[in-house]
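Trainee: Let's go through this model term by term. Please tie each label to its cut-off.

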Amino acid sequence: MAGHSKWANIQHRKGRQDAARSKLFSKFSKEITVAAKMGDPDPDKNPRLRLAIKEAKAQSMPKDNIERAIKKAIGGEGDNYEEIRYEGYGPGGVAVIVEAMTDNRNRTASNVRSTFTKYGGNLGETGSVAFMFERMGEIVYPASAGDADTVMMAAIEAGAQDVESSDDEHVIYTADTDLNEVATKMEAELGESQSTKLIWKPGNTTEMDLEGMQKLMKLIDALEDDDDVQHVTTNFSASDEVLEQL
């Protein structure tokens, strides 16, 4: 799964240079608050909340921030947020899915549309690119968790759909509705995962050259900088040579 590794590496490189970790933490806080508000504030009884906390911890979000976000939900805050998905095309025809959480649909729609336009993209209708992706669960373990056969066997027994192992990591894919169950079973076998989350996995990819990638990254950065935007997913692919020059 070279594409996964490349994208993870880009994000990691960006993350090291990015001083605004508070913005990332605020996105996690919003997801945790909404998940706790929609279900039970106890993560053991609320799979969505459990996954949100797990992902926040994976990005080194402080425990106090996590507890504060849950208390907001218990206190009645966070109930005005609405989840919206936007779809469109970026530079070079790359498919883009933007997942947002907002208390003002008009503001968010306007901001996302103008960002697409400003950075060479085109916002489409809902469903215009989602058919190119499959909604799946993704569990990531470092290579040190075990050899490919060990991880494969654990994944099969846990009910996963697919495993892709590389020198750096093992990526396990599940049906979207099975993520929590599979992740729990795999933790019993392999310990804590590096990442556990729902993703949009592209069925096909669009190859990008350096200029195209530079334009695309500007669009992604601008979208991710929006406080209402939670996740941005694309179906780009690029060579190692191109990615090393970014």
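Trainee: What makes up the contact between H2 and H3?

Mentor: From H2 come Phe 28, Glu 31, Ile 32, Val 34, Ala 35, Ala 36 and Met 38; they meet Arg 48, Leu 49, Ala 52, Ile 53, Glu 55 and Ala 56 of H3. Contact here means heavy atoms within 4.5 Å. By class, these residues are 10 nonpolar, no polar and 3 charged. The classes: Ala, Val, Leu, Ile, Met, Phe, Trp, Tyr, Cys and Pro are nonpolar, Asp, Glu, Lys and Arg charged, and the others, Gly among them, polar.

Trainee: What ground rules apply to these values?

Mentor: The model is predicted, so local features need pLDDT of at least 70, side-chain atom pairs count only at 80 or more, and totals for chains, interfaces and linings use all residues. Residues are numbered from 1 along each chain as its sequence is written, and side-chain values use heavy atoms, leaving out hydrogens and water.

Trainee: What makes a stretch a helix or a strand?

Mentor: Both are DSSP runs, numbered from the N terminus: helices are H or I, at least four residues, and strands are E, at least two.

Trainee: Why are H2 and H3 called roughly antiparallel?

Mentor: Helix H2 (residues 21-38) and helix H3 (residues 47-58) pack at about 165°, with axes 8 Å apart. Axes are lines fitted to C-alpha atoms, for helices over the stretch in contact; angles run from 0 to 180 degrees between N-to-C directions. Under 35 degrees is roughly parallel, over 145 roughly antiparallel, 65 to 115 roughly perpendicular, and the rest oblique. H2 and H3 are therefore roughly antiparallel.

Trainee: Which label does the pair H3 and H7 get, and which hand?

Mentor: The axes of H3 and helix H7 (residues 179-190) come within 10 Å and cross at roughly 55°. That makes H3 oblique to H7. The crossing is left-handed. Left-handed means the near helix is turned anticlockwise from the far one by less than a right angle; clockwise is right-handed. Pro 47, Arg 50, Leu 51 and Lys 54 of H3 meet Leu 179, Asn 180, Thr 184 and Glu 187 of H7. That contact has 3 nonpolar, 2 polar and 3 charged residues.

Trainee: How do you know which strands S1 pairs with?

Mentor: Two strands pair if DSSP finds at least two bridges between them. Strand S1 (residues 82-89) and strand S2 (residues 95-102) have 8 bridges, antiparallel. One places Arg 85 opposite Glu 99; Ile 84 has Ala 100 as its partner. S1 and S3 are joined by 2 bridges, also antiparallel, so they meet the cut-off.

Trainee: What makes S3 and S9 edge strands?

Mentor: The open sheet has the order S3-S1-S2-S9. Strand S3 (122-123) and strand S9 (229-234) each pair on one side only. H2 lies across S1, S2 and S9, at about 105° to S9.

Trainee: What is the order of the other four-strand sheet?

Mentor: S5-S6-S4-S7, open, with antiparallel pairing. The twist averages 30° from one strand to the next. S5 and strand S6 (residues 169-175) share 4 bridges.
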